[in-house]
Amino acid sequence: MRIHISIDQQRLDLLAEQDKLVKSYLISSAKNGVGQQRGSFCTPLGKHIIRAKIGDQQPINTVFVKRRPTGEIYTPELASRYPGRDWILTRILWLSGCEIGFNRLGRVDTMRRYIYIHGSPDSAEMGKPGSIGCIRMHNHDLLDLFDRVPVGTPVEITR
C-alpha cells in the first residue's frame, strides 16, 4: 500500500500494488499553500512515510492536543467555547519526510513541524485548502484509512 496526496485535486488516494486505486478521499490541505519551511503553515511536498499512528481505540471525535487525548469529545458546543482552536480529532497519522534537506532535518523537517493526516469536525469543508499545514480528513474517512495502513506506509504529496 501507498498513499498519494494531490494538493491541486485536494484528494488522497490509497493505492495497492501496481498503483491500483483502492480508495479516494477528499482532504483539506494548508490554506497557505505548499512549502517546506518551519513556521510557514504550509503543507510540505515530497516523499514521506507514516512514522506513527496515534489514537487507536479512542472514540470518534476525541480531541487531541500535542498528540494526546484531552478527555474531550468534539461537539459544536465545545467548538463555540474555543472558536480559534485548531481541531485535531479521532486519529493521527504522523508524517516524517524522507528527503534530506527538502522535507527532512533542519528547518524543513516534516516530523518536527508536526504535520499529520488527522480528523476534523464534520462541518469542516473538504475539497479546498483550509488547514494550517496538516492534511485534514472527515473522521469517518480517516477511520477507514487508519485501519488500512500500517506504520511505514509511503506517502507522497504532490501538486
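Leaving aside its neighbours within four places in sequence, which residues is serine 120 in contact with? In this predicted model, where residues are numbered from 1 along each chain as its sequence is written, local features need pLDDT of at least 70, side-chain atom pairs count only at pLDDT 80 or more, and totals for chains, interfaces and linings use all residues. Side-chain values use heavy atoms, with hydrogens and water left out.

The contacts of serine 120 are Trp87, Leu89, Met126, Arg136, Met137, His138 and Asn139, where contact means heavy atoms within 4.5 Å. Serine 120 sits in strand E8; strands (E, at least two residues) and helices (H or I, at least four) are DSSP runs, numbered from the N terminus. With a relative accessible area of 1%, serine 120 is buried; the term means under 20% relative accessible area, while exposed means over 50% and partly exposed lies in between (1.4 Å probe, protein chains only).

Serine 29 also counts as buried, at 1% relative accessibility. Its place is the loop between strand E3 (21–26) and strand E4 (46–54). Not counting residues up to four places away in sequence, serine 29 touches Ile7, Gln10, Thr43, Lys128, Pro129, Gly130, Ser131, Cys134 and Ile135.

Helix H2 comes next. Within H2, which spans residues 139–148, the buried residues are Asn139, Asp141, Leu142, Leu145 and Phe146. Viewed down the axis of H2, these buried residues fall within an arc of 155°, so they line one face of the helix; the arc is that of the directions from the helix axis to the C-beta atoms. An α-helix has 3.6 residues a turn, so residues three or four places apart point the same way. On the face of H2 turned away from the buried side are the exposed residues His140 and Asp147.

The largest nonpolar core has 22 residues, and those with the most contacts inside it are Ile3, Ile5, Leu12, Leu93, Ile117, Met137 and Leu145. Such a core is a set of buried Ala, Val, Leu, Ile, Met, Phe, Trp, Tyr and Cys residues joined through side-chain atoms within 4.5 Å. Two or more residues of this core come from each of strand E1 (2–6), strand E2 (11–15), E7, strand E9 (135–138), H2 and strand E10 (154–158). H2 gives the most, with three residues. Leucine 12 touches Ile3, His4, Ile5, Lys23, Ser24, Tyr25, Ile27, Ile117, Met137 and Leu145, again not counting residues up to four places away in sequence. Apart from this core lies another, of eight residues, among them Ile54, Ile88, Tyr116 and Cys134.

Attention now turns to the pockets. On a 1 Å grid over the protein atoms alone, a pocket is an open set of points where a 1.4 Å probe fits, with protein on both sides within 12 Å along at least five of seven lines, and lining residues have an atom within 4 Å of a point. The largest pocket has a volume of about 230 Å³, a volume being the space filled by probe spheres set on the points, which are joined across faces, edges and corners. Of the 13 residues lining the largest pocket, Phe41, Arg113, Tyr114, Ile115 and Ile132 lie nearest its centre. Seven of the lining residues are nonpolar, three polar and three charged; Ala, Val, Leu, Ile, Met, Phe, Trp, Tyr, Cys and Pro count as nonpolar, Asp, Glu, Lys and Arg as charged, and the others, Gly among them, as polar.

The second largest pocket holds about 180 Å³ of space. Its lining includes Val63, Phe64, Val65, Trp87, Ile88, Tyr114 and Tyr116. Strand E5 (62–65) and strand E7 (88–97) are the elements that give two or more residues to this lining, and the largest share, three residues, comes from E5. By class, the lining of the second largest pocket has eight nonpolar, no polar and four charged residues.

Aspartate 19 lies between E2 and E3 and is partly exposed at 46% relative accessibility. Leucine 105 is found between E7 and strand E8 (116–120) and is partly exposed as well, with a relative accessible area of 39%.

Finally, threonine 158 belongs to strand E10 and counts as partly exposed at 24% relative accessibility. Threonine 158 and glutamine 9 are 149 residues apart in sequence and 9.9 Å apart in space, C-alpha to C-alpha. Beyond its neighbours within four places in sequence, threonine 158 is in contact with His4, Ile5, Ser6, Ile7 and Leu45.
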